[in-house]
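Biologist: I am new to this protein. Could you show it to me and take my questions on one helix?

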Amino acid sequence: MIYFKHEEFDCPTEKGSGKKMNEDFLEMLDDARHIAKIPFRITSGFRTKKHNKAINGSKNSSHMKFCAADISCDNGNNRLKIVHALIKVGFRRIGIADTFIHCDTDNEKPHSIWLY
């Protein structure tokens, strides 16, 4: 990875857990960061089941499968750059919120773009 460190994907309750992230996912995210030409600040990577429950995450959250991340985003211009780059590198599951963009490569779920 060029733009990220595994620690950025650690669950707050499990130090070192970012090293378990799916390498294909990380490579795609790294490629998207390169295309977007803006920093991607990861606000959520891997989550343990306990942490996911504590933050009211989805019961079948892709974050618990080491193949999801939330990227901080606070304006429409950056949102466009991030979403464009994610799609360009092959992400087919993207969630858009006011303050972050979720992306994952969970093959057990349908391709979709959704709003929070």
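Predicted model: local features only at pLDDT ≥ 70, side-chain atom pairs only at ≥ 80, totals over all residues.

Biologist: How far apart are the end C-alpha atoms of helix H3?

Modeller: H3 covers residues 76-89, which is 14 residues. At 1.5 Å a residue, the helix should span 20 Å. The model agrees, because the end C-alpha atoms are 20 Å apart.

Biologist: Which residues of H3 are buried?

Modeller: Buried means under 20% relative accessible area. Four names pass in H3: Ile82, Val83, Ala85 and Leu86. They cover an arc of only 165 degrees around the axis, so they sit on the same side of H3.

Biologist: Which exposed residues does the face turned away from that side carry?

Modeller: Exposed means over 50% relative accessible area. On the face of H3 turned away from its buried side, the exposed residues are Leu80 and Lys88.

Biologist: What do the buried residues of H3 pack against?

Modeller: One helix is among the partners, H1 (23-36). Strands join in too. They are E2 (68-72), E3 (93-96) and E4 (100-104).

Biologist: Which element gives the most to the largest nonpolar core?

Modeller: That core has 27 residues, and Leu86 is one of those touching the most other members. H1, E2, H3, E3 and E4 each supply at least two residues. The top giver, with six residues, is H1.

Biologist: Which residue follows H3, and with what phi?

Modeller: The helix is followed by Gly90. Its phi is positive, near 115 degrees.

Terms used
Residues numbered from 1 in each chain as written. Heavy atoms only, no water. Expected span 1.5 Å × (residues − 1). Buried < 20%, exposed > 50% of the residue type's maximum accessible area, 1.4 Å probe, protein only. Arc of directions from axis to C-beta. Contact = heavy atoms within 4.5 Å. Core = buried A, V, L, I, M, F, W, Y, C linked by side-chain atoms within 4.5 Å.
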